[in-house]
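Hello,

Here is the structure I promised to pass on. Please have a look at it first, and then read my notes below.

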Amino acid sequence: KRAAYSELRDKEAVTKDGVRITVNINAGLRDDLALLNLTGADGIGLFRTEFQFLVAATMPGRTAQTRFYRDVLDAAGDKPVIFRTVDIGGDKPLPYFQASQSKEDNPAMGWRAIRIGLERDALMKVQARALIEAAAGRKLNVMFPMVAEPWEFDEAKAVFETQREYLRGQKKMLPSQIRYGAMLEVPALAECLDLMADRLDFLSIGTNDLTQFLFAADRSNPRLAERFDWMSPAILRFIHRVSGDAERLGISLGVCGEMGGRPLDALALLGLGVRNLSITPASVGPIKAMVRSLDLGQARQEIQTILKEAPAEPRICLEQWANKHQV
Ligand code: PEP
Ligand code: MG
């Protein structure tokens, strides 16, 4: 099977009925960069910038950040990269930053991600400056984690725009374009998509945190790991609604959580209207193989039936359908 997957490297992820699916990878470490070409993915749909912070003994300075981001863009060449601003706190505490954080009872719902970024805006300013400088003359895509309300997105974007203006004043070469996106992982944001439409350049559903918050179930608690299925009616309906809203509002939508890396779950996502996946590199082969064996029109119908009839085991229903249709 592995050999078959590597044969797919240079093949596009197109369904049998001719729909092109974007298959990006999630990355964060220098070692991940080689996987972009090795897998033949379309780009990096989620670059977790906090990894550079997590593996360091002290806070990476602006020069170190700029160098790293430039290396990422160099390695990606013409392929797009979406840099997510640091998502620390929650399941990713920073030892050298911890001292200033008080102990929290619910760190996943606590002071993390964009909440830290906006309050400690020196951290975000340094990262903004590093990203903008690293992308001089190239396209820059920036994504903010854990956005719950429109003003958070506005403030985070303003931090970047202020840095862009500063560098313009310094006569520095700027990125040819900056696009700003948000992760949809806090359910509240889904209620505000109409308010976000004019603000956002793109939106990416983070199913890992989204599931945790939809079900109020700690993603790092092994006791709960098997309890909630990504293919439960609540998740399927939620994503269906978001994908419909995004289409109606003209918001470019992707999914970057682990759900997209499992063939059957990815099949469900495509049936729900998602056309852009960002997944763990090892999943690119299996997902491309699934996409190329799929009649998307039929899959959409099956998903509509599952949404409507809400069978007790949607996963089993879809699995049977996939087997019958040789997906
Ligand atoms: C997510 O929450 O789904 C996601 C992609 O981000 P992370 O796993 O880094 O929190
Ligand atoms: Mg997340």
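Around ligand 1 sit Leu46, Arg48, Asp87, Glu185, Gly206, Thr207, Asn208, Asp209, Cys256 and Gly257, where a residue counts as near if its C-beta atom, placed from the backbone, lies within 6 Å. This is a predicted model, in which local features need pLDDT of at least 70 and side-chain atom pairs count only at pLDDT 80 or more, while totals for chains, interfaces and linings use all residues. Residues are numbered from 1 along each chain as its sequence is written, and chains are lettered from A and ligands numbered from 1 in the order in which they are written.

By class, the shell around ligand 1 has two nonpolar, four polar and four charged residues (Ala, Val, Leu, Ile, Met, Phe, Trp, Tyr, Cys and Pro count as nonpolar, Asp, Glu, Lys and Arg as charged, and the others, Gly among them, as polar). Strand E2 (44-48) and helix H11 (207-214) each supply at least two residues of that shell; helices (H or I, at least four residues) and strands (E, at least two) are DSSP runs, numbered from the N terminus. The largest share, three residues, comes from H11.

After H11 comes alanine 216, with a positive phi near 50°.

There are also two helix pairs to show you. The axes of H4 (residues 62-76) and H7 (residues 121-134) come within 8 Å and cross at roughly 40°; axes are lines fitted to C-alpha atoms, for helices over the stretch in contact, and angles run from 0 to 180 degrees between N-to-C directions. H4 is therefore oblique to H7 (under 35 degrees is roughly parallel, over 145 roughly antiparallel, 65 to 115 roughly perpendicular and the rest oblique). The residues of this contact divide into six nonpolar, three polar and four charged.

For H13 (residues 263-271) and H14 (residues 284-292), the axes come within 10 Å and cross at roughly 50°, which makes H13 oblique to H14. Here Pro263, Ala266 and Leu267 of H13 meet Pro286, Ile287 and Met290 of H14. That contact has six nonpolar, no polar and no charged residues.

Best wishes

Methods:
Two residues are in contact if their C-beta atoms, placed from the backbone, lie within 7 Å.
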